[in-house]
Amino acid sequence: APVILWFRQDLRLADQPALVAAASEGPVIPVYILDDQAPRHWRMGAAQRWWLHHSLASLDKDLRRHGSHLVLRKGLAAEEIVRIARETGATRIHAVRHYEPWWQKAEEGVSKAFDLCLHDGNCLAPPDTIRTGSGGPYKIYTPFWRALAGRMPPPSPLLEPRITTPDKWPESEELEDWGLLPVRPNWAKGFDAEWTPGEAGAKARLDAFLSGVDDYSVRRDLPSVEGTSRLSPHLHFGEVSPAIVWHALSRKADAAKFVKELAWRDFAQNMMLVLPGMGDRNGREAFDHFPWRTGSEADADFAAWTKGMTGYPIVDAGMRQLWATGWMHNRVRMIAASFLVKHLLIDWRRGARWFWDTLVDADYGNNSLNWQWIAGSGLDSNPFGRIMAPLTQSPKFDAGGYIRRWVPELADVPDAAIHDPEESGLLCPAYPAKLIGHREARERALAALGRARNTA
Ligand code: FAD
């Protein structure tokens, strides 16, 4: 009997444990289901739909080298997978385990009706195996990292197996009919030059990074240079496994810092188990009473932030890079997120939702964890009272070149003034004035924190 391989955020053929298991049992039916219902308001955002389209096309092409192809369906994943199993007489479904709340629920549903075999392979180590001395999960990154490091290396990556095909294929929908790509306006014009979704693109990105990793700890914080791997969307969609990345880098001298960053991804997967609903729910309940600004003025500030029109060049450069390429440098994500939450006093969840729709690497665990870390609402987080100063951060991390690239109105501003043209008295008519001054914003934020403490 044929075996179903259920692809989700593991769109690859190398080091794909579910594929290896399925291929060893019989003819394989590879399936991808676009499920816009189960995740509810966490349905895949627009930038990721662009990515998914290209990634599925690439996976299908790779499968065709084996004489196979991808079966595409749309619907409630848990129902659709069972339907395909019944249609084809498949006895078993193999899949890589995922921890997003909607995937956990779908896995539960499918395993009630069918023999669902789940495989680890989306983390350096399965999060439910990294436990404290008393057997519970970790809530703080540093001890989690120590425990995870003790478990390295991850298993050696599995090779792509030989795949046999079934005599009879179930019907497939057409990728082109899913409408995943933007039509008018085509806001993803800039994405093509930046990204190659799919397993081959992920491999090329990893290979390119291998030669640069030696400078990672110095260059990773500088937005003007390409000092990081840009593997995040490939890792999110599972076009490369964390184990492949780990083993490729282990031969490099300066990989330790990089692996420690990669481990944040594992920590975020772990947090999905510790704090279910972490995209909507504060880790610290005190934040349930936080006096976030709402109403038309806050809405206007939020809109200015999304458009990169706050009057803070480093924030605006980041927000425009995000819109143009679907990605933002990590240092600038921290600055831009902190600005929204503390300078504008807007609920972190609103910012996280914007990122969800615009990032090609939008990841429920990573995005929620990092926003909560910045806001101070997370279980492990930077206290709200510690307020980042964007105008100090910008020269500290030498962001001049980055600002010039993404904020063309400031392209001719001299070095000394680029981080804060308003303060230096330069006239840049096309560039907006600051939404709020830094000192005033800081005082307003601390006052809000005081009120939150009093009501908590
Ligand atoms: P590299 O520095 O090359 O790191 C390699 C990999 O390690 C990344 O691809 C990523 O998988 C992982 N990683 C690195 N830093 C972190 C981190 N802080 N948290 C979790 N994983 C990390 N990352 C996402 O993948 N998806 C998100 O939705 C996301 N949202 C974020 C929101 C905010 C407000 C902030 C501050 C950070 C967010 N990050 C998110 C984390 C980080 O910014 C990106 O992972 C990183 O910029 C991706 O670029 P890179 O692949 O070149 O990173």
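The model is predicted.

**Two packed helix pairs**

Two packed helices are described by the angle between their axes and the distance between the axes. The table gives these values for each pair.

| Helix pair | Residues | Axis distance | Angle |
|---|---|---|---|
| α3 and α4 | 77-88 and 101-113 | 8 Å | about 30 degrees |
| α14 and α16 | 330-343 and 364-375 | within 9 Å | roughly 60 degrees |

Take α3 and α4. Their axes lie 8 Å apart, at an angle of about 30 degrees. Angles under 35 degrees count as roughly parallel, so α3 and α4 are roughly parallel to each other. Their crossing is right-handed. On the α3 side, the contact is made by A77, A78, I81 and V82. On the α4 side, A106, G109, V110 and A113 take part. By class, this contact of α3 with α4 has 7 nonpolar residues and 1 polar residue. It has no charged residues.

Now α14 and α16. Here the axes come within 9 Å and cross at roughly 60 degrees. The two helices are therefore oblique to each other. The crossing of α14 and α16 is right-handed. Helix α14 contributes M334, A337, S338 and V341 to the contact. Helix α16 contributes W371, I374 and A375. Sorted by class, the contact of α14 with α16 has 6 nonpolar residues, 1 polar residue and no charged ones.

**Around the ligand**

How many residues surround the ligand? There are 27. The closest are T228, S229, S232, N367 and N370.

Which helices supply at least two residues each to this shell? They are α9 (232-236), α11 (255-274), α14 and α16.

**A look at N370**

N370 lies in helix α16. It is among the residues closest to the ligand. Is N370 buried or exposed? A residue is buried if 20 or more other C-beta atoms lie within 10 Å of its own. N370 has 22 C-beta neighbours inside 10 Å, so it counts as buried.

N370 can also be placed relative to Q9. The two are 361 residues apart in sequence. In space, they are 20 Å apart, C-alpha to C-alpha.

Note on methods. Residues numbered from 1 in each chain as written. Predicted model: local features only at pLDDT ≥ 70, side-chain atom pairs only at ≥ 80, totals over all residues. Axes fitted to C-alpha atoms, helices over the stretch in contact; angles between N-to-C directions. Helix = DSSP H or I, 4+ residues; strand = E, 2+ residues; numbered from the N terminus. Parallel < 35°, antiparallel > 145°, perpendicular 65-115°, else oblique. Left-handed = near helix turned anticlockwise from the far one by under 90°. Contact = placed C-beta atoms within 7 Å. Nonpolar A, V, L, I, M, F, W, Y, C, P; charged D, E, K, R; others polar. Buried ≥ 20, exposed ≤ 12 C-beta atoms within 10 Å, placed from the backbone. Near = placed C-beta within 6 Å.
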